[in-house]
Each structure stands twice: as C-alpha cells, then as structure tokens.
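Keep the viewer open as you read.

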Amino acid sequence: MTDITTTVTASETWLPRDRHAQYLKSLEHRGEAVSLKRGASLFVQGQTDRQFYVVLDGKLYVSMISEDGHEAMLDIMGRGSLIGEAASFLELPRYTNAHAAEDSRLIRFDSKQAQALMSDPQFASALLYLMHVKQRQLVARLRQSVFESPEQRVVNFLKRFFKTHFDPDHPSTPIIVDLTHEQIGTLTDLSRVTVTRVLNKLKRDARIEVDGRKIILRADNKIGA
C-alpha cells in the first residue's frame, strides 16, 4: 500500500516547466488576465477569434467533438501551457473545445498584439519553441495510433506522463495517475476495456503498481526507469 502523503497526484498531459514556458508566464502584464471557474468554457469548436492563452494556474481539458456527438479528449493542459494559438494566428474556426477542469488563471493575448511582441526575441523564441513541441506531440500521437500496439500505446503514454511530472529534486516520490481508464483510452485512441486489460498485464509484470483504482508510477519500476 502506498502512503498517499508522499505522492504526487496529477492528471496534466502537458505541464511545461522549461525556461520558455516560464518566460511566457512572466508576461502577465503584457496580456489580459482571465479567470475561469471549474467547468467554464474558454472557447468552443468552430469559434473564430484572434485569442490565444498561457495557463498560469489550474488546468484545462481540450477536446474535439465529432458530428455524431462523440467527444475525444486531446490534452489536459497545466501551468505554462500554450493553448489556442494555431486558430488565432490563422484566424480560422477552432478544431477544439477548451474548458476549465478546475479553477484556473490564464493570460490572454491577441494574435495581432503578438506580432508586435515578436520584436522581443525571447518572446518569439518561447512562442515558436512551445508551438513546435505541441506539433511534435501531435505527430507522436498520430504515429502511435498507426504503428503501435495497444500495450505500446499505454506504456509510452505512461512513460510520457511520468517524465512530465517527475521532479529531479525528489526522485523517489511516486506519481499517482489521476485519470480514469476511459480517459487514458481517449488519450491513446483505445477502448476502456483494452486499457484495463493492458494495465492489468503491466501490473502482473510489475511494471506499474495499482492501489485500488490508482495507477502508481515510480522512478525505479519499468515504466519510470
């Protein structure tokens, strides 16, 4: 049994902590402050505007809804995340919806305003870096859906999740994955039943720990290593 007082419980699939994200978070005075209560919408699929955002606190669900009403979660964006920038710069309808998973604070920028900010090389570098990271993540997800087996998808998802939340200053701290099997399935393009089957196998192989409904990742197991 894991002592929950010594763990980190997390659900964010993107939580950038590099210097680029830190710099964008420092620009609160250059944008407009936005506060969202849990469940509030930031933008909706099909909406056209010039706004993009940097998450200061909290987290947001980003999802896409098909014509028949099926919703697929794409990301859970945490502190430092860049969100909504592609549609804002292109001034095209948004492909996704975003709403607050918990009370959240963001900085709102206008893409026209950002063009003036591009004269700051640090802003331009940070924006381009984070945009390219997001693009690479999307390509990786496409690759996994085409080429990887269900077990590989879940294992690689958990590896990325562990890397996202690992704290090198506290390397022995276990990380609890605060996601349901259904949410993991959506994020890996698998059914809930398949995810449960793969997680049970990983538990039998001692690659993860499971405490009730909690998935526990450690630096010294075969997922975190």
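Phenylalanine 157 and phenylalanine 161 are about one helical turn apart, because they lie four residues from each other in helix α5 (residues 150-165). Helices here are DSSP runs of H or I with at least four residues, numbered from the N terminus. The model is predicted: local features need pLDDT of at least 70, side-chain atom pairs count only at pLDDT 80 or more, and totals for chains, interfaces and linings use all residues. Residues are numbered from 1 along each chain as its sequence is written, and side-chain values use heavy atoms, without hydrogens or water.

Both of these side chains are worth a look. Phenylalanine 157 has 6% relative accessibility, so it counts as buried. Phenylalanine 161, at 2%, is buried too. Buried means under 20% relative accessible area, with a 1.4 Å probe and protein chains only.

The structure holds six aromatic pairs. In one, the rings of phenylalanine 157 and phenylalanine 161 have centres 6.1 Å apart and planes at 40 degrees, so the pair is tilted. Rings of Phe, Tyr and Trp (its six-membered ring) pair if their centres lie within 6.5 Å; planes under 30 degrees apart are stacked, over 60 edge-to-face, and the rest tilted. Ring pairs also join Phe52, Phe89, Phe109 and Phe123 into a cluster.

Now turn to a charge. The charged end of arginine 94 sits over the ring of phenylalanine 43, 4.1 Å from its centre. This label requires NZ of Lys or CZ of Arg within 6 Å of the ring centre and within 35 degrees of the ring normal.

Notes
Helices (H or I, at least four residues) and strands (E, at least two) are DSSP runs, numbered from the N terminus. Buried means under 20% relative accessible area, exposed over 50%, partly exposed in between (1.4 Å probe, protein chains only).
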